[in-house]
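Please examine the sequence and the structure shown below. The paragraphs that follow lead through selected features step by step.

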Amino acid sequence: MRWHAPHHVVPTTPPPRHLSRKPPHTNPHTQTPTLPSEGARVIRQQSSHRRTAVRTTALVASAAAVVLGLQTGTAGAEAQREAGATALVLGAPQRAAAIQEAQSAAAGTARAIGLGDREALVARDVVKDADGTVHTRYERTYEGLPVLGGDLVVHQRKNGARSTTRATAARISVPTTAAAARATAAGETARKVIWAATGKPVLAWVTVVTGLQHDGTPSERHVVTDAATGKELHSYEAIETGVGNTQYSGQVTLGTAPGFTLTDTVRGGHKTYDLNGGTSGTGTLFTNSTDTWGNGLAGNRETAAADAHYGAAVTWDFYKNELGRNGIRGDGVAAYSRVHYGNAYVNAFWSDSCFCMTYGDGAGNLKPLTSLDVAGHEMSHGLTASTANLRYSKESGGLNEATSDILGTAVEFYANNAADTGDYLIGEKIDIRGNGTPLRYMDKPSKDGSSADYWSSSLGRLDVHHSSGPANHFFYLLAEGSGTKTLNGVTYNSPTYDNSTLTGIGRQAAYKIWYKALSTYMTSSTTYAGARTATLSAASDLYGPTSPEYNAVNAAWKAVNVK
């Protein structure tokens, strides 16, 4: 069953500038909520051959220094706007203090935005822009129970103007929160919630069933049932599979700790472990007698570890230096990596429950799925879970997968690795089809035989790796434009739904817009219509409502039939 919940931008004081700058036809968008869960996402990948140096650029500017930079210098109005709407890098203590401050004021905020007496807000994240705007992301409770689909973001301008982006506009109210205990079988857990995903909110149970999927991937099946009738309202697999790439990443410099362990003390303490064929637990931390890891061949167990460790480091650096984010959750704490999962496991996955990336060794245990862009893809699932928490099914699931493809591709370009140059192909190195073709193409997604180039009303019926097509296509068109183009030796030919001719705004501007939309405007229920509204708001914040970038976002969505 397909379900939608309205995604509303609701001004609670005079609307901030980013709302008033939207064109009159830009309407609130419809989206679908997700469960705050221990989701995991997957993508296939391979090992590295040599090692290439990782940039270790520390971002040392304080908030005051960033603001000072806006007030001095010769940047034009557009550059000042972009810098002003860019999120500040908050250290872990500052971020924790901001969340605590938001929580202390949560009761007043709930009243100000019109929540009922039985509702409360739980602060989950705070993003502070250099211009003084604060975006606070909240989960909602009703009589102490989590409201699934009740998440919202409050945007507070420096001048006091406030607006709210909600996953649903439904009034949260149920006759009672009492229900008979839910019977569970072995391997199951259950919790009582309010389900506000669609229609009238109801008291419900969320049951989690654990086990294994058909290919050996861990399973965390979440089933939502009406507490009164027992009717199934929604279900989803929290650990999902995907695809990725890279056979060789070259010779790299790795962050390690004294005693020669794969512990990156510079990047939040990221560690890489050897599961040694196991499918549970943390595994054994890689330790060596020297600081040389692997030999570039899959037969050496350290090679896959070097790839995974390198990919995590480059992704961390990309988040920090390009997006202004201090780690996946923005708290300066690293995830960890596990390699050599299972036997000939042809996949890799991210899991929120362990806050880690896990990689199999591929067909015949010869192609570990530990490539650079796969690491970027998997870690970006963690980023999505820590921000918009896009529900991993239907259109929001396609946007979730597209976010990982978009940012994983951006990481690959950012690395500037001569052994694996950046491209808009997904899975081009792994040869999972056996004929040398990529798994996905961002310039024309339908070339893979399964993905959609453009939005249609049936898009949500596709697997999320294929419903991601229009968003991947949007990003390519926004960054590079339409028509034929050769980049790093790869020739692309991107069409448009309306036969329009587009000129790209460049990768950096494109991924900055996507990230700002994800981190400050999207919610768990965002659909393609909602993504259009969110990215237009982000483009308006960063570049202005009459800027070429704003107009390009609008044109690129039209080019994939999102209007």
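The charged end of Arg329 is placed over the ring of Phe355, 4.0 Å from the ring centre. A charge counts as sitting over a ring if NZ of Lys or CZ of Arg is within 6 Å of the ring centre and within 35 degrees of the ring normal. Likewise, the charged end of Arg507 sits over the ring of Phe413, at 3.7 Å from its centre. The model is predicted: local features need pLDDT of at least 70, side-chain atom pairs count only at pLDDT 80 or more, and totals for chains, interfaces and linings use all residues. Residues are numbered from 1 along each chain as its sequence is written, and side-chain values use heavy atoms, without hydrogens and water.

Rings also pair with one another. Rings of Phe, Tyr and Trp (its six-membered ring) pair if their centres lie within 6.5 Å; planes under 30 degrees apart count as stacked, over 60 as edge-to-face and the rest as tilted. By this rule there are 17 aromatic pairs. The centres of the Tyr273 and Tyr336 rings are 5.4 Å apart and their planes stand at 80°, so this pair is edge-to-face. Ring pairs also link Phe318, Tyr319, Tyr414 and Tyr511 into a cluster.

The structure holds 1 disulfide (a pair of cysteine sulfur atoms within 2.5 Å). Cys354 and Cys356 form this link, with sulfur atoms 1.9 Å apart. The angle about the S-S bond is -75°, and the link of Cys354 and Cys356 is left-handed. Cys356 has 0% relative accessibility and counts as buried, a term for under 20% relative accessible area, with exposed over 50% and partly exposed in between (1.4 Å probe, protein chains only).
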